[in-house]
Amino acid sequence: MEYKIALIPGDGIGPEIVREARKVLDAVCSKYGHKFIYSEVLLGGASIDVHGVPLTEEAVETAKASDAVLMGSIGGDAKTSPWYKLEPSRRPEAGLLAIRKALNLFANLRPAYLYQELKAACPLKEEVIGEGFDMIIVRELTGGLYFGERKTVEENGIKTAVDTLSYNENEIRRIAVKAFDIAMKRKKKVTSVDKANVLDSSRLWRKVVEEVAKDYPEVTLEHMLVDNCAMQLVHNPGQFDVILTENMFGDILSDEASMVTGSIGMLSSASLNDTKFGLYEPSHGSAPDIAGQNKANPIATILSAAMMLRYSLDLDREADAVEAAVQKVLTEGYRTGDIMSEGCRPVGTAEMGDLIAAAV
Ligand code: NAD
Ligand code: IPM
Ligand code: MN
């Protein structure tokens, strides 16, 4: 079969990790007889450098005309990069938020799974790790603080900055439905995370999630306050199956969850709308500190490509093959610096990609 993929290398380590994911997809194509037609799309700093803005209408159109989008990461070092001298609405991150909104990607899935091989890279104690863990964070991605009214005003010489957190029932319902649907295919447990002891938006969140839960009698629902959840993630991560939460909480908790899997370089993600279409990207950023040094772990991006095969292209067998290839290479002891532990075989970004592609 032939598929159209929009490729967004982005900034920092983005081009390096996307290159490796593409190698792996090329291996999938030759093994299973598919053809992927790639269109490169500029986003973030890469787009600012060429077009002066972090996202163009043309880029959105190219993404829309594709079956799926595979992205690296965007952004730079805020202290040194000229992109951060621009107005906030013209900086790299604004481009990422704009493409998420333009494509209506309200559901961000971030699976955090501990490979047994990476137990030594996990900073938690043996007894906390226990049998390991396998959770997925379902993060609302087009609402909340990220998209509410934002302004800075000055009165009597005193500046006040305002960011607004708002959710309507429909926004909450559609992401809750996603989380429960996913739970039905897993261990049938949803932990909905909020701050209902303080925030009105969280109280509405809880009410709507409870209504949705009525349609899923087999799924156990629990509510957890976000501060407790942050603690529980390092105290007893094995208790979680599906974590359902709003945009900002999900951003923070997913970085925390990534670390208990060994490294943020392992955490893939899929951003979906209500069709088959999606944008797939690692959960981490552009890591300016290691960009261009062949040090970045490409596995989060490669696993994001596997999610793309599964969710947008319905290529389950091919997705399984990519995931098995990652597993094999880890079992053989190959590690980038971020997941390195004693006795393992150190490799760079490109070697890791070569090994996984060969294992496919
Ligand atoms: P970051 O995730 O880029 O880096 C945090 C730390 O993790 C750094 O030490 C980095 O070297 C390390 N790291 C990240 N990915 C890695 C990988 N694949 N392999 C090995 N190590 C890895 O977060 P940050 O430093 O806070 O942000 C840097 C830039 O990235 C900022 O401009 C930020 O806005 C942007 N950002 C973009 C995205 C995205 O594109 N989705 C996500 C997060 C941050
Ligand atoms: C992520 C990133 C983005 C977010 C930034 C770069 C806007 O941190 O994808 O997790 O906060 O959503
Ligand atoms: Mn983040």
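Two residues are said to be in contact here when their C-beta atoms, placed from the backbone, lie within 7 Å. Leaving aside neighbours within four places in sequence, arginine 100 is in contact with Leu105, Leu141, Thr142 and Ser271. Arginine 100 sits in helix α4. Is arginine 100 buried or exposed? Arginine 100 counts as buried, because 20 C-beta neighbours lie inside 10 Å, and a residue is called buried when 20 or more other C-beta atoms lie within that distance of its own.

Now let us step back to the whole chain. What you are looking at is a predicted model. The mean pLDDT of the protein chain is 97, and 100% of its residues reach 70 or more. For the complex, the predictor gives an ipTM of 0.98 and a pTM of 0.97.

The secondary structure of the protein chain consists of 12 helices and 14 strands. Along its principal axes, the C-alpha trace spans about 60 × 50 × 40 Å. How does the radius of gyration fit with a compact globule? For 360 residues, such a globule would have a value near 21 Å, and the protein chain has 20 Å, so the two agree. Of those 360 residues, 47% count as buried. Among contacts between residues at least 6 apart in sequence, 75% join residues at least 24 apart.

Next, look for the ligands. Ligand 1 is surrounded by 20 residues, and the closest are Ser73, Gly75, Gly265, His284 and Gly285. By class, the shell around ligand 1 is made of 8 nonpolar, 8 polar and 4 charged residues. Around ligand 2 you will find Gly75, Glu93, Leu96, Leu97, Asp251 and Ser283. This shell divides into 2 nonpolar, 2 polar and 2 charged residues. Which helix gives the most to the shell around ligand 2? The answer is helix α4 (residues 92–102), with 3 residues. Arginine 100, where we started, is found in helix α4 too.

An unreviewed UniProt entry carries the annotation "binding site" for Arg100, Arg110, Arg139 and Asp227. These positions are spread over 128 residues of sequence, and they are also spread in space, with up to 26.8 Å between C-alpha atoms. Aspartate 227 belongs to helix α8 (residues 226–235). Aspartate 227 is exposed, because 12 other C-beta atoms lie within 10 Å and a residue with 12 or fewer is classed that way.

Helix α12 (residues 349–359) is worth a visit as well. Its buried residues are Thr349, Met352, Gly353, Leu355, Ile356 and Ala357. The partners that these buried residues pack against are α1 (14–32), α10 (299–311), α11 (316–331) and β13 (334–335).

Finally, have a look at two asparagines in loops. Asparagine 156 lies between β6 (150–155) and β7 (158–163), and has a positive phi of about 50° although it is not a glycine. With 4 C-beta neighbours inside 10 Å, asparagine 156 counts as exposed. Asparagine 294 is in the loop between β12 (278–280) and α10, and its phi is positive as well, at about 60°. Asparagine 294 has 14 C-beta neighbours inside 10 Å, so it counts as partly exposed.

How values were computed:
Residues are numbered from 1 along each chain as its sequence is written. Chains are lettered from A and ligands numbered from 1 in the order in which they are written. This is a predicted model: local features need pLDDT of at least 70, side-chain atom pairs count only at pLDDT 80 or more; totals for chains, interfaces and linings use all residues. A residue is near a molecule or strand if its C-beta atom, placed from the backbone, lies within 6 Å of it. Helices (H or I, at least four residues) and strands (E, at least two) are DSSP runs, numbered from the N terminus. Ala, Val, Leu, Ile, Met, Phe, Trp, Tyr, Cys and Pro count as nonpolar, Asp, Glu, Lys and Arg as charged, and the others, Gly among them, as polar. The radius of gyration is taken over C-alpha atoms; the globule rule is 2.2 Å times the number of residues to the power 0.38. pLDDT is the predictor's confidence in each residue, from 0 to 100. UniProt positions are given in the numbering used here, feature names are shortened, and annotations may be inferred rather than shown by experiment.
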